[in-house]
Amino acid sequence: MPSLPTLVFMAFFFLGSLVAMFQNGFMVTVLGREWARGRSLPTGDIIVTCLAASRFCLHGMSVLNNLLFVFGFCPQVNAFNIPWDFANTLTFWFTGWLAFFYCVKISSFSHPVFLWLKWRISQSVPRLLLGSLVIAGVSVSSSIVGNSKLGPLIALQISSGNDTLADRVLVAHRLIFLPHLLLVLSVPFVLFLVSTLLLMFSLHRHLGRMKESRLGQRDPSTQAHTMALKSLAFFLVFCTWYFLSIVIILMKSINFQNLWHWVWEVVTYAGVCLHSSILILSSPKLRKALKMSLRKPC
């Protein structure tokens, strides 16, 4: 029986995950409905829609996995780890592309590479998103092998009392598949990190120019920088934390009855939930839809 603090953090985790699923489902519904009506969505909204859909699935799979483990359905957890890995990989890539898109469209760099990217980015986004789907599909193959083949083997060895052999199989699995998984997640994380830092530098340089010319800080370019940084700079810490937590989870086994596991889950997914809130509040379209839905009589 879990301790009282563990039960409290378990409750926080499930409540926060439900709130996050509602947020991302709201974004997908609003933007997807407009997309389905034949209206042309801005490129940034397309990325946000895909990111919200992947996060909705990620939170759903996380809740399902934790519930299955809590109620003793351990073999079923291995099966649902596969769609979780797929949604997690997509979330990393879509987050990276969103930061990259903001950096290219908003930053004021005059380098020819940035000018070329600024001209091509909107047309390239559909291919980038499709490429992310392909990468996630290829990378999840390692999860299929690990969860459907090695997972039951480890469980069988543990149930038979052969913990030494189970440990060797687990170590072999990590040595074979971990480098591949870490590479797939590291590339979009570095893309997100570099894009966010470049956007910060662009804002700092732009504000310096505005101060020198005494034009103030309320021009459209500054406001665009600030709006993007609200959603990116704030999430930078949480994205780094989330990436490190995934690495640690992959490197060691998880004890679902441990208090610190649930503390980790609450803090990690709370950051993702807060970023979803910022995406809603920073979008006039989503903000308007939220106000209209709140004003509707029950």
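The model is predicted, so local features need pLDDT of at least 70 and side-chain atom pairs count only at pLDDT 80 or more, while totals for chains, interfaces and linings use all residues. Residues are numbered from 1 along each chain as its sequence is written, and side-chain values use heavy atoms, with hydrogens and water left out.

Start with the whole chain. Its secondary structure comes to eight helices and zero strands. Helices (H or I, at least four residues) and strands (E, at least two) are DSSP runs, numbered from the N terminus. Read from the N terminus on, the elements run α-α-α-α-α-α-α-α.

Next, look at burial. The chain has 298 residues, and 44% of them are buried. Buried means under 20% relative accessible area, exposed means over 50%, and partly exposed lies in between (1.4 Å probe, protein chains only). The chain exposes about 16,100 Å². Carbon and sulfur atoms supply 72% of that area. Accessible areas come from the Shrake-Rupley method with a 1.4 Å probe; for residues, only the protein chains shown count as cover.

Contacts tell another part of the story. A contact means heavy atoms within 4.5 Å. Take the contacts in the chain with a separation of 6 or more: residues 24 or more positions apart account for 77% of them.

Now go to helix 1, residues 4–36. Leu 4 lies in this helix. Leu 4 counts as exposed because its relative accessibility is 63%. Together with Leu 7, Val 8 and Phe 12, Leu 4 makes a nonpolar surface patch of about 370 Å². Patches are made of residues with over 30% relative accessible area and no salt bridge; like charges are joined within 9 Å, and nonpolar side chains (Val, Leu, Ile, Met, Phe, Trp, Tyr) within 5 Å.

Move on to helix 2, where Ser 62 has its place. Ser 62 is buried, because its relative accessible area is 3%. Which residues does Ser 62 contact, leaving aside its neighbours within four places in sequence? They are Phe 13, Trp 84, Glu 265 and Tyr 269. Ser 62 and Pro 83 are 21 residues apart in sequence, and their C-alpha atoms are 9.9 Å apart in space.

Helix 7 (residues 259–281) and helix 8 (residues 284–295) come next. Their axes come within 6 Å and cross at roughly 95°. Axes are lines fitted to C-alpha atoms, for helices over the stretch in contact, and angles run from 0 to 180 degrees between N-to-C directions. Helix 7 and helix 8 are therefore roughly perpendicular. Angles of 65 to 115 degrees count as roughly perpendicular, under 35 as roughly parallel, over 145 as roughly antiparallel and the rest as oblique. Leu 279, Ile 280 and Leu 281 in helix 7 meet Leu 286, Arg 287 and Leu 290 in helix 8.

Finish with the charged side chains. A salt bridge is a side-chain nitrogen of Lys or Arg within 4 Å of a carboxyl oxygen of Asp or Glu. The count comes to two salt bridges. Lys 285 forms one with Glu 34, and the closest N and O atoms are 3.5 Å apart. Lys 285 lies in helix 8 and Glu 34 in helix 1, so this pair ties together parts that are 251 residues apart in sequence. Asp 45 also forms a salt bridge with Lys 285, with the closest N and O atoms 3.0 Å apart. Asp 45 lies in helix 2 (residues 43–70) and Lys 285 in helix 8, so here the linked parts are 240 residues apart in sequence. Shared partners join Glu 34, Asp 45 and Lys 285 into one network. Lys 285 counts as partly exposed at 27% relative accessibility. Glu 34 counts as buried at 16%, and Asp 45 counts as buried at 13%.
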